[in-house]
Amino acid sequence: MAMIVIAAFLLGAAIGWARAAKAGGGTADKLQYAAAHALALTVLALFLSIVLTRMG
């Protein structure tokens with residue numbers, strides 16, 4: 001289940017970086033978008049992981 005959380009973190013960072021790049025942002029913007037998206041997807045994946053573990 002830990003792999004889901006790690007994959008969500010990396011996917012979120014990539015999505016955030018791409019969105020900032022598409023919007024024409026600088027390096028700081030890309031890093032901020034990557035961090036925000038990575039945290040958001042990590043929290044969702046962690047919640048999903050907990051739910052799946054409790055369900056059996």
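**View 1. T42 lies in helix α2 of this predicted model.** Helices here are DSSP runs of H or I with at least four residues, numbered from the N terminus. T42 counts as buried because its relative accessible area is 18%, where buried means under 20%, exposed means over 50%, and partly exposed lies in between, with a 1.4 Å probe and protein chains only. When residues up to four places away in sequence are not counted, T42 touches V5, A8 and F9, a contact being heavy atoms within 4.5 Å. The model is predicted, so that local features need pLDDT of at least 70 and side-chain atom pairs count only at pLDDT 80 or more, whereas totals for chains, interfaces and linings use all residues. Residues are numbered from 1 along each chain as its sequence is written, and side-chain values use heavy atoms, with hydrogens and water left out.

View 2. With neighbours within four places in sequence left aside, the contacts of H37 are G12, I15, G16 and R19.

**View 3. Helix α1 and its buried side.** Helix α1 covers residues 2–22, and at 1.5 Å a residue its 21 residues should span 30 Å, which agrees with end C-alpha atoms that are 30 Å apart; the expected span is 1.5 Å times one less than the number of residues. In α1 the buried residues are V5, A8, G12, G16 and A20. They cover an arc of only 90° around the axis, and therefore lie on the same side of α1, the arc being that of the directions from the helix axis to the C-beta atoms. The buried residues of α1 pack against α2, while M3, L10 and K22 are exposed on the other side of α1. After α1 comes G24, which has a positive phi near 85°.

**View 4. Helix α2 and its packing.** The 29 residues of α2 should span 42 Å at 1.5 Å a residue, and the end C-alpha atoms, 42 Å apart, agree with this. A34, H37, A38, T42, A45 and S49 are buried in α2, and the buried residues of α2 pack against α1. The residue G56, with a positive phi near 105°, follows α2.

**View 5. A nonpolar surface patch of about 680 Å².** The patch is made by M1, I4, F47, L48, V51, L52 and M55. Patches consist of residues with over 30% relative accessible area and no salt bridge, in which like charges are joined within 9 Å and nonpolar side chains (Val, Leu, Ile, Met, Phe, Trp, Tyr) within 5 Å. A salt bridge is a side-chain nitrogen of Lys or Arg within 4 Å of a carboxyl oxygen of Asp or Glu. Helix α2 (residues 27–55) supplies the largest share of the nonpolar patch, five residues. V51, which is placed in helix α2, is partly exposed, with a relative accessible area of 30%.

View 6. A35 lies in helix α2 and is partly exposed, at a relative accessible area of 39%; its C-alpha atom and that of F9, 26 residues apart along the chain, are separated by 8.9 Å. A18, in helix α1, is partly exposed with a relative accessible area of 44%, and A18 and L44, 26 residues apart in sequence, are 20 Å apart in space, C-alpha to C-alpha.

How values were computed:
Accessible areas come from the Shrake-Rupley method with a 1.4 Å probe; for residues, only the protein chains shown count as cover. Helices (H or I, at least four residues) and strands (E, at least two) are DSSP runs, numbered from the N terminus.
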